[in-house]
Amino acid sequence: ATEPARAATRAAVAAFEAAEGPALQAALLARDAALPRDSSYIESLWYEHAYLSGRDPVAVGSNPALLLRLEPWAESAPLWRAATLASAAGRWQLAFWRGELELDVARDGSARCMATLANVLGTARIPKPSCDVLATASESRHIVVLRNGRLFELPVISLQGEAMAPSELLCALTAIRNAADKQRERGFTPGLLTALPRDKWAAARSTLCATSARNEKSLCAVNEALLVLVLDQSAPSSTAEALHDSLIAPVANAADRWYDKLQVIVFENGEAAVNFEHAPIDGAQILRFIDDVDSDARKFGPPPASASATALAEDPAANTPAQPDTQNGLEQERKSGEVLERELEKYAATALQWDVTLALADAILSANMSAAQLRSGVKSTMIRLEGWTSARSRKAGLGLDPLMQTAFQLAFCLAHPLAGVSGREAAGSADGGGGGGGG
């Protein structure tokens, strides 16, 4: 730089220090002092401006998706896979509470900060006008199971501080599947609302809470859940399709997502994926969670014979004798519903209830169209990098995550040279085998 340029810069700095500089510095210090000890004003500003103030739908726009390794037995036992993952998630949370998680270590051997692992489970993004907020339930012991648009609260950590065993959870998930699939019509499906643009979802949520205390209680159960376990009724025919359906739900199952939280998605063919709301956690935290939980769940192996019999058991409500006429048929349906309710109660599962107004019904119709439009606007592909692993990246002095993110940005710039930098995230497989960009 020339001396005149240096002089101009010095003058600009001096003018800033004499004018708005001190007030801005005081505001930053006050903001930093009001935050938790392990946070900073930089982090809070990043949350607010990089994520929480965005008004586009979080689905695709910021929520990444990761496909887990497929178990050879999973196709015939999707509920067992869901049960082992849910049980492992409960054990992971207990290990975090007790300070028993292994230390995160960087490549140079130094310890990484693990404070943000507290946000992995039990955290929800709450839609608000102009800027959303994050809320974490630090003592949550339950998950929410989503099937056929219906939501069920299910404990995975007992009051005695023990994670529920997969065999127990399998029975509960079987009861939930039966109850959800027995319903002839989906009824009110609030999961659709989470795919709306954020201000529209904020308005719908305000109406939902104002309608009844029951609605507010049900929303609270979802927000405070450790995670949302999706029992998806579709069976992707390929890895690429599974990645795509993990990033954005198929139109037929659009109600079976809750994009404001971490979701574990288990498909009918045993494929499993994670879709997570990005604001409270970054890639390092979610990958740590997935590695720990997936490895723990895999230790259970294929379902034991007794578990297989449970998962394949006939719906208990189907044993109610058939009635020939309509009136008696309705009575049969009522009794069938009572049987299913008793099955849920046996395993401490609770179907979340909603009071619906015309305004809320209209919001669901609008959300359904929005979700379909969002899905139709997404194209994805899978790129398999044969032989390129995280170990190879480290040897080359490159982190795998920044390498892939740089590749996505370069590809976007080549495809759209006038559009600037892409803000889109990626869908990928946890074993590093492939990924697809959402855009």
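Modeller: Asparagine 148 is buried, because its relative accessible area is 9%. Buried means under 20% relative accessible area, exposed means over 50%, and partly exposed lies in between, with a 1.4 Å probe and protein chains only. The residue sits in the loop between strand S4 (142-147) and strand S5 (150-155). Its phi is positive, about 55 degrees, although asparagine 148 is not a glycine. Helices (H or I, at least four residues) and strands (E, at least two) are DSSP runs, numbered from the N terminus.

A word on the source: this is a predicted model, in which local features need pLDDT of at least 70, side-chain atom pairs count only at pLDDT 80 or more, and totals for chains, interfaces and linings use all residues. Residues are numbered from 1 along each chain as its sequence is written, and side-chain values use heavy atoms, with hydrogens and water left out.

Alanine 348 also has a positive phi without being a glycine, with a value near 60 degrees. Alanine 348 lies in the loop between helix H11 (326-346) and strand S9 (350-351). Its relative accessibility is 44%, so alanine 348 counts as partly exposed.

Strand S5, on one side of the asparagine 148 loop, holds phenylalanine 152. Phenylalanine 152 is buried, because its relative accessibility is 0%. Setting aside neighbours within four places in sequence, phenylalanine 152 contacts Ile143, Val144, Val145, Ile176, Ala179, Ala180, Leu344, Thr350, Ala351 and Leu352. Contact here means heavy atoms within 4.5 Å. Phenylalanine 152 and alanine 221 are 69 residues apart in sequence, and their C-alpha atoms are 9.2 Å apart in space.

Next comes arginine 257, in the loop between helix H8 (239-247) and strand S7 (263-266). Arginine 257 is buried, because its relative accessible area is 0%. The arginine 257 side chain makes a polar contact of 2.8 Å with the side chain of aspartate 232. A polar contact is a pair of N or O atoms within 3.5 Å; within protein, one must be able to donate a hydrogen and the other to accept it, and residues adjacent in sequence count only if both atoms are side-chain atoms. Beyond four places in sequence, the residues in contact with arginine 257 include Leu146, Gly191, Thr194, Val230, Asp245 and Gln263.

Glutamine 263 is in strand S7. Its relative accessibility is 0%, so glutamine 263 counts as buried. A polar atom of the glutamine 263 side chain lies 2.7 Å from the backbone nitrogen of tryptophan 258. Leaving out residues up to four places away, glutamine 263 touches Val228, Val230, Arg257, Trp258, Ala273, Val274 and Asn275.

Helix H4 (residues 78-97) packs with two other helices, H9 and H5. The axes of H4 and helix H9 (residues 283-298) come within 8 Å and cross at roughly 125 degrees. Axes are lines fitted to C-alpha atoms, for helices over the stretch in contact, and angles run from 0 to 180 degrees between N-to-C directions. H4 and H9 are therefore oblique to each other. Angles under 35 degrees count as roughly parallel, over 145 as roughly antiparallel, 65 to 115 as roughly perpendicular and the rest as oblique. The crossing of H4 past H9 is right-handed. A crossing is left-handed if the near helix is turned anticlockwise from the far one by less than a right angle, and right-handed if clockwise. On the H4 side of this pair, the residues involved include Arg81, Leu85 and Trp92, and on the H9 side they include Arg288, Phe289 and Asp292.

H4 and helix H5 (residues 166-182) pack at about 125 degrees, with axes 8 Å apart. H4 is therefore oblique to H5. This crossing, too, is right-handed. Among the H4 residues that take part are Leu79, Trp80 and Ala83; among those of H5 are Leu169, Leu170 and Leu173.

Proline 72 is found in the loop between strand S1 (65-67) and H4. Proline 72 is exposed, because its relative accessible area is 78%.

Buried residues make up 46% of its 439 residues. Of the contacts between residues at least 6 apart in sequence, 74% join residues at least 24 apart.
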